[in-house]
Amino acid sequence: MAVEKFAVEASHIMMFARSIGDPNPIYHDADQAAGTEPGSIIAPPTFVQAGAQFDPDYRLRPKIGEPWMGSGREATSIKPKEPGSADDQPTGMGARGLHAEQHFEYHRHLRPGDVLSATTKPGESWEKQSKRAGTLSFRETVTEYRDQNGELVITARSVGVTTEKAVEG
Amino acid sequence: MALSASQLNVGDTTTKVLVDDLSRTQIVQYAGASGDYNPVHTDEKFVTEIAGYPTVFAHGMLTMGMTGTLLTDWVGDGRLTKYGVRFVNQVWPGDTLTATAEVTEIREEDGQHLADLTITTVNQDDTPVLTGTATARLDP
């Protein structure tokens, strides 16, 4: 993820907390949050992942005016390439990619008003054989989130896996 | 609200039902909030006809986010210093998820009391869907 400006906003935190089923008032009620130890609204521990919203090139978001891999009139709007070519699957991205691991280290927790930047570096990559899904290709990335003062606030390590076959279960 | 090192013991556990009968709508809600619109999570036609799965499935990060509510309910707001997980099985609409955390170590680092936890989230068949660890700051 390459993000220049990820503005952390209270309404985004509220919607994110709702989506993970967390009614904790510290994520939506500024008055109540003022009386807690953090002293203000903070973001839930996994909120920083929503920085994808601010990555202009994020590939899992439809781009205005471009074909999208999801369904419309057809099951996918991306035409398959030449049969037999390396990317003859219409779904090269997304369909076989799964999230294998996610690790966060918190130097501090995020608050509305923070403006983050994020830089991602590739980590290790390795392969494994699986009876259920064929060859598994793992790829690690490390993302550093810095605040408006250049301070490191969260370090995230993510491992993605591409499976040979769909995994059912 | 926060835990105190003098009152917490290795082996202490906490458990929470994270969701009962996970809805496709909650998965859509998470897609919108997180910005991850991968159609395998929300698009029945794409996921069955193109990706080859029986139906849509939840984002791993939705399970990690829901499991995080168990941790923050227990250790207090803003107290986590580390939280990491592996996604070991997929989560499907209709699943009921239960998370458990256990204290594995209580220690002191640079004058700060810390607790290390292990975490497991299972579905209605008792199959683990997420395993992980976390570290939280404690009061003395």
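Trainee: Among contacts in chain B between residues at least 6 apart in sequence, what percentage joins residues at least 24 apart?
Mentor: That's 68%. A contact here means that the C-beta atoms of two residues, placed from the backbone, lie within 7 Å. Keep in mind that this is a predicted model, where local features need pLDDT of at least 70 and side-chain atom pairs count only at pLDDT 80 or more, while totals for chains, interfaces and linings use all residues. Residues are numbered from 1 along each chain as its sequence is written, and chains are lettered from A, ligands numbered from 1, in the order in which they are written.

Trainee: How do you know which chain A residues touch chain B?
Mentor: By that contact cut-off, 46 residues of chain A meet 45 residues of chain B. On the chain A side, β2(A) gives the most, with 8 residues. That side divides into 22 nonpolar, 17 polar and 7 charged residues. Nonpolar covers Ala, Val, Leu, Ile, Met, Phe, Trp, Tyr, Cys and Pro; charged is Asp, Glu, Lys and Arg; the others, Gly among them, are polar.

Trainee: What makes β2(A) and β2 (residues 80–87) of chain B a pair?
Mentor: Strands are DSSP runs of E, at least two residues long, numbered from the N terminus. Two of them pair if DSSP finds at least two bridges between them. β2(A) and β2(B) have 5 bridges, in the antiparallel sense, so they qualify. Glu101(A) stands opposite Arg86(B) there.

How values were computed
Helix = DSSP H or I, 4+ residues; strand = E, 2+ residues; numbered from the N terminus.
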